[in-house]
Amino acid sequence: MRIGAAKATYAADEALFDSATQRCWLGVLFTALVCFPFLANAYWLYLAGLVAINVVSVTGLNILTGYTGLVSLGHAAFLGLGAYTVAILEARAGTNFLLNLVVGGGVATIGGLIVGMPSLRVKGLYLAISTIAALFILQFVFYNWVAVTGGSAGLSVPPARLFGLVLDDSFKFYWVIVPLTVLLLFGAANLFRTRIGRAFIAIRDRDISAEVLGIPLLRYKLMSFGLSSFYAGVAGGLWAYFFRSVTPESFPLLLSIFYLAAVIVGGMGTILGGILGAAFMTLVPELLKLIVGWLPIQGDTLVIISPLRTIAFGALIIGFLIFEPNGLAEIWCRVRRFFHLWPFRT
Amino acid sequence: MSNSFIIRVLQLLGLAAGILSTAGTVYAEEEIVIGGSIPITGVFSFAGVNIHAGIGDYVKLVNDQGGVMGRKVRYVYEDTGYKADASVAAFKKLTSQNPVHLYYGDSTAFSKIINPELNRTESILMTGASFATEINDPRKYPYQFMVGPDYQAMFALLLKYIAREKPNATVAFVYSDSEFGRDPIEENKKTVANLGLKLVAEVITPPGSVDVSTEVLKLRRADPDYTIFHGYVLAPIPEFISLARKMGMQSQFMGTFWSMDKNNIMKMGEDADGFLGIMPYRYSDDASADAPMLEKIRQIRPGYQSTTYLQGFVAAMLLLECAKRTLEADQELNAKNLKAAFNSIKNFDTGGIIGVPVTVKSNSIPVGRIYKADLKNGKMVPVSDWLTTE
Amino acid sequence: MDWLLLLEVSLAGLGTGGLYALTALAFVMIYKATKVVNLAIGEMLMMGAYFFLAFSTALQLPWWLAMAGAVMGGGLLGAVIERLTIRPLLGKSTLSVFMVTVGLASVFVGVVELVWTADPRALPEFIPRAAVFIGPAFVAPKIFYSFLVAAALIAATLFVLRFWRGGVALRATASDQVAAYAMGINVPRVFSVAWIIAGMIAALAGILVGAIGGISSAMGQFGLSVLVVVIFGGLDSVLGALVGGIVVGLMEALAGTYLGGEYKRLTPFSLLALILIVRPYGLFGTAEIERL
């Protein structure tokens, strides 16, 4: 049982993982991540890749909405920007895989900065709705700028190549996606130990007070938009390599809502919440399919799976918001506390 | 939520995870697997549900007769909602879980997108709901085929019919803003010019749109003799036709394969009398001809079966025929061999579903017939022979 | 310049605009009373239309009875939503309530798909089919009659808000909740009434929209355009809802005809971008004053 932890240095105080137990479990997690692809079949590797992409994207959205308090429903558009950039570069220029991802993230960042411009004039829900407008405008561009984006046919992406190895199946791709995701997660966690991260949190809590304290609002809000869009752009690039095709229909409003729901279900304002939310929302449809398969229903269950998935999605959002507003991260923390303080009650 | 409740939920989840991890791929060896990205929900769900039934019925028929060369056929599928990226995801999922040799894709967009992957893996022969002209090219799409003539050929047949019935007639194209809708338009503008007809209006509707009143106004201005719809299964054709008639438009309406379902047309009421279109197959309730396969279908499923059902049925028939020929030649079931088997299909009898024995050309089955809607008798009447398209 | 076409297209646009205005009215009523941005308004429309379908086909009721039933159903739905999902979140952040309505929208779509499948359907015909001509211009009869009904309903609602006790209570709660409490107004009841009336209006609007273009589980998309209308007009302004509805409907029709069908989707959002730059709180909305 851990009662308290006295920190002797500033570095120890700021550490992301402050106890030996935590570091131990982290080691276990990394070992598990390394062993996973050897034990799992192609289907689970596919799911793992999808979860990783969603984790990156949700972490980005979490930076913007969870930590800075700026609700954005345009996240899917930034994924789209990243995906299209990567698709165009890979298909037409054949440049290096990692470079493409960075450029994709960069283009998405520029998009994010532009979309974030109104954030000084409008706040709250009005900002959310202006991001919806941005999403539709970008979607229109994806559909109609046929010369660049291939219009409604979309673009097909050749498989990624890293050091001469062609990443064409889920196993190989896993080894690229997961380290990248872990790196980006550490980056995000680290961000909130710095000045910038604390400024974001201040803006979320009370932006006018933050301004009074000397935080230039527009600069930091734009930075938040830019950073979150960078994450989205990288996620979009990974998406392009993963699915090997990019169409304008791949990034609808529904995807933005999915990511926002993942942020909320996971727990706004915590990195762990981002991971849990993304994993949970990605795996729920699979779980649902399993459950429906077990139920003794006559006829073709396929017809009811899709509506059930929609209902489950909505019910999860409503349920979490009413009963557990701090999301899965809170549940996780409570369970952890239970084990920490055992045999005492929490 | 109390902690004990949470602990119990966690235990349940752990159990589920444990069971999930064992639910891997358990498939019998020596099986032929047909994979399908099927639009069971979404804007094409009417077609998707029937296609699904058609494929399933044919697979069951074949399995009941002992399978293909002694191997059982298994049909695995995922719902896509007619969204291209969901189709791609379904493809990835199905091919990672099963040894898929034959595939049915739900849309033109999907067929185009998945093509590089098919070319890379060279293990799957694919057909689908698309009759897109671009796909009817064995050099660019070596491992795909379509279950009928391509849209451009369908359009050309309709335009030729118009040119015969009324030389120098005016024509309008109404199509949806999607891959499906746009496919044949450019090429057919040239055909229109070649046949001496005049294209007076081109109306594009956003996919899934419901309110077409402004588009009909445009159409009325142009007042064409013939209006060809393409890129729709049902909506918004009934709305177009009903509004157009109310405005006093005298145009004759025509459609391509997917809008030719008898029930859908009959539901449109007297406005749709005389609706013309291309059908590569007979209608399922056509008892006039000697068609043993149609008889079988009528036995399995009494009552009228949609044209979309027939499309799925014939698709499965052709896919399994290719598999059969490949196995008969003692060859491995890979894309090259399966496609070679497809190319070897000459004077093939579809059991009467298609009115004449078919020989494949490029990636298509170039046979079609023009039908006209006779609302009074509730029937679709053929107004041409079984034509071979060029 | 084809003036007749312009006139006809404008009339068609006005007709659609009337429906936008009606739905926007329902939205604004909810926002004024409970400060909730209801993204599920499109789905409430859809439920009203499907109730109508159920009443008239399954129960074989004549259309006016089915319509009354659907409207009541819509009202009941509004009350249930308010009680079960909005009331528990009283006092929480606006984002939470907004996301709850998003979740509700999903649930409604799923329920509709489960019971009626995702097939688009046509509602039973009840609008007179004879063509309507205003001068030389043709107006689709469905749009014409829908516009009339929408206008009548909007007028009735405005009348009720102004003169009925309940309407006054609604306006009072909207402008200052604490003062309303102090005056003895039963504020929770006002919330319920607001949602019930909004649900009824949305159901009727759904029947009209469904009569024009058919119904399907994707009907909720209409709600996105309505969202643009209310932002354009001002989230808490009834007048804004009316003006916004007409303007957006008109612009959409004109863009669709003269620029091409692809632009129809883009127009409302371009208008939105414009209004956010020029007047962020909408044409007639009240600017939010933030107090520390």
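Modeller: In counting charges, Lys and Arg are taken as positive and Asp and Glu as negative, while His and the chain ends are not counted, and the place of a charge is NZ of Lys, CZ of Arg, CG of Asp or CD of Glu. This is a predicted model, in which local features need pLDDT of at least 70 and side-chain atom pairs count only at pLDDT 80 or more, whereas totals for chains, interfaces and linings use all residues. Residues are numbered from 1 along each chain as its sequence is written, chains are lettered from A and ligands numbered from 1 in the order in which they are written, and side-chain values use heavy atoms, with hydrogens and water left out.

Biologist: How many positive and negative side chains does chain B have, and how far apart are the centres of the two sets?

Modeller: Chain B carries 40 positive and 42 negative side chains, whose centres lie 1 Å apart. In chain C, the mean positions of the 16 positive and 13 negative charges are 12 Å apart.

Biologist: What does the secondary structure of chain C come to?

Modeller: Helices (H or I, at least four residues) and strands (E, at least two) are DSSP runs, numbered from the N terminus. Chain C has 11 helices and two strands, and from the N terminus its elements run α-α-α-α-β-β-α-α-α-α-α-α-α. For chain B the tally is 13 helices and 12 strands.

Biologist: What radius of gyration does chain C have, and what would a compact globule have?

Modeller: The radius is taken over C-alpha atoms, and the globule rule is 2.2 Å times the number of residues to the power 0.38. For the 292 residues of chain C, a compact globule would come near 19 Å, and the chain's value of 19 Å agrees.

Biologist: Is B:Asn63 buried or exposed?

Modeller: A residue is buried under 20% relative accessible area, exposed over 50%, and partly exposed in between, using a 1.4 Å probe and protein chains only. B:Asn63 is therefore buried, with a relative accessible area of 16%, and it lies in helix α2 (residues 45–64) of chain B. Over the whole of chain B, buried residues make up 63% of the 390 residues, while in chain C they make up 60% of the 292 residues.

Biologist: Which residues are in contact with A:Val55, leaving aside its neighbours within four places in sequence?

Modeller: Contact means heavy atoms within 4.5 Å. With those neighbours set aside, A:Val55 is in contact with A:Thr181, A:Leu185, A:Ile275 and A:Ala278. A:Val55 lies in helix α3 (residues 42–67) of chain A and is buried, at a relative accessible area of 5%.

Biologist: What area is buried between chain A and chain C?

Modeller: The size of an interface is often given as the accessible area lost when the parts come together. Here buried area is the accessible area (1.4 Å probe) that two parts lose on being put together, summed over both. Between chain A and chain C it is about 3,600 Å², of which carbon and sulfur atoms give 80%. In chain A, A:Leu125, A:Tyr126 and A:Ile129 lose the most area to chain C, together 20% of what that side buries. The contact takes 39 residues from chain A and 42 residues from chain C.
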